[in-house]
Amino acid sequence: MSEKGLITELERLVSEERNPRTMDMDLLPTVELLRRINDEDKGVAYAVEKVIPEIAASVDRIAEAFAKGGRLVYMGAGTSGRIGVLDASECPPTFRVPPTMVVGLIAGGYDALLKATEGAEDSQARGAEALAEIGLTDKDVVVGIAASGRTPYVVGGLNHARKVGATTVALSCNPHSAIAAIADIAISPVVGPEVLTGSTRMKSGTAEKLVLNMLTTASMVKIGKTYQNLMVDLKASNKKLVARAARIVMQATDCTLEEAEAALAQTHNDVKLAILVTMTGMNPAEARFALEGAGGFLRKAIEHNGASPM
């Protein structure tokens, strides 16, 4: 696309408009400048609220994919790509899932996480190649993330995903975007013009992070990775998480620290099993069998074995 054509395309995007409420930002005292930014940020959650039905439809498709052995794949460029990689990287320690279950792809590869390689986003072919390299199948869900809704890398990826038969989701902060037209489900929280014109790392980036938080957290809840509002499937991989694991067992069962530590020692720091052992009196092998019989849902395992949830 020519420079003139690209300028014309950008002029049609809400996220590229000038914000009339911040035209004087370069004249403001520091406190007032920050208040103006904060005032703009306050509207982001309301924009996300309007697209909860589309987020819910995406969560249900992701949970179905997980149940069939499929993956959630995020792909984006620049800020959008970094946010996707961030959310994917936090799933293994939070939910004890393999790193291949939620995958983050960014235009330019992992070097782009540390330094700007925005030119990498201009090729549709690279987006398709990135998905082909991870062996995308029709079991997977691909979420293309682009604040503008037009990033070629994401467009190419979503087109490839459709050809493969994967579920496709478009996340953009502009209505009626190019990626929305491609995807099975379009999530389009319209946050309006940025405080700093075109700097979509701000409100648009915040909206994207809120949506991704919802996609992974809700889909993990749907497949039994939580009990009540506790992270019972976390991976206790450092001192802080070992302490958190003990605290979760205590919160779920109302036991003492010593009892929680003993249960975790018996179950090799498996929080779900430690809770089930503590609440039912079963040994770890019996608890594991019961949990498997409940499909990994701790609440079901507790109820099926005669214990009452706290």
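The model is predicted, so local features need pLDDT of at least 70 and side-chain atom pairs count only at pLDDT 80 or more, while totals for chains, interfaces and linings use all residues. Residues are numbered from 1 along each chain as its sequence is written, and side-chain values use heavy atoms, with hydrogens and water left out.

## Overall make-up

The protein chain has 15 helices and 5 strands. Helices (H or I, at least four residues) and strands (E, at least two) are DSSP runs, numbered from the N terminus. The C-alpha trace spans about 70 × 50 × 35 Å along its principal axes. Of the 310 residues, 49% count as buried. Buried means under 20% relative accessible area, exposed means over 50%, and partly exposed lies in between (1.4 Å probe, protein chains only). Among contacts with a separation of 6 or more, 67% join residues 24 or more positions apart. Contact means heavy atoms within 4.5 Å.

Two packed helices are described by the angle between their axes and the distance between the axes. Axes are lines fitted to C-alpha atoms, for helices over the stretch in contact, and angles run from 0 to 180 degrees between N-to-C directions. Angles under 35 degrees count as roughly parallel, over 145 as roughly antiparallel, 65 to 115 as roughly perpendicular and the rest as oblique.

| Helix pair | Angle between axes | Axis distance |
|---|---|---|
| Helix 7 and helix 8 | roughly 50° | within 6 Å |
| Helix 11 and helix 12 | about 115° | 9 Å |
| Helix 13 and helix 14 | about 110° | 9 Å |

Helix 7 (residues 124-133) and helix 8 (residues 152-164) cross at roughly 50°, which makes helix 7 oblique to helix 8. The crossing is right-handed. A crossing is left-handed if the near helix is turned anticlockwise from the far one by less than a right angle, and right-handed if clockwise. Residues of helix 7 in this contact include Q124, R126 and L131, and those of helix 8 include Y153, N159 and H160. By class, the contact of helix 7 with helix 8 has 8 nonpolar, 6 polar and 1 charged residues. Ala, Val, Leu, Ile, Met, Phe, Trp, Tyr, Cys and Pro count as nonpolar, Asp, Glu, Lys and Arg as charged, and the others, Gly among them, as polar.

Helix 11 and helix 12 pack at about 115°, which makes helix 11 roughly perpendicular to helix 12. Their crossing is also right-handed. A245, A246, V249 and M250 of helix 11 meet L257, A260 and L264 of helix 12. The residues of this contact are 7 nonpolar, no polar and no charged.

Helix 13 and helix 14 pack at about 110°, which makes helix 13 roughly perpendicular to helix 14. K272, L273, L276 and V277 of helix 13 touch P284, A287, R288, A290 and L291 of helix 14. By class, this contact has 7 nonpolar, no polar and 2 charged residues.

## Helix 13

Helix 13 (residues 271-280) has 8 of its 10 residues buried, so it is largely enclosed by the rest of the structure. The buried residues are V271, K272, L273, A274, I275, L276, V277 and M279. Their cover includes helix 11 (239-253), helix 12 (257-266), helix 14 (284-293) and helix 15 (298-304).

At the start of helix 13, a side-chain oxygen of D270 comes to within 3.2 Å of the backbone nitrogen of K272. After helix 13 comes G281, with a positive phi near 80°.

## Loop residues

A107 lies in the loop between strand 2 (102-106) and helix 7. A107 counts as buried, at 3% relative accessibility. The C-alpha atoms of A107 and A77 are 4.9 Å apart, although 30 residues separate the two along the chain.

The loop between strand 4 (167-171) and helix 9 (178-182) contains S177. S177 is buried, with a relative accessible area of 8%. Its side chain reaches the backbone nitrogen of A180 at 3.1 Å. Apart from neighbours within four places in sequence, S177 is in contact with S148, G149 and S172.

H176 is found in the loop between strand 4 and helix 9. H176 counts as exposed, at 81% relative accessibility.

Most residues other than glycine have a negative phi. H176 is not a glycine, yet its phi is positive, about 55°. R96, also a residue other than glycine, has a positive phi near 50°. R96 is placed in the loop between helix 6 (91-95) and strand 2, and counts as partly exposed at 32% relative accessibility.

Conventions: Polar contact = N/O pair within 3.5 Å; in protein donor to acceptor, adjacent residues only side chain to side chain.
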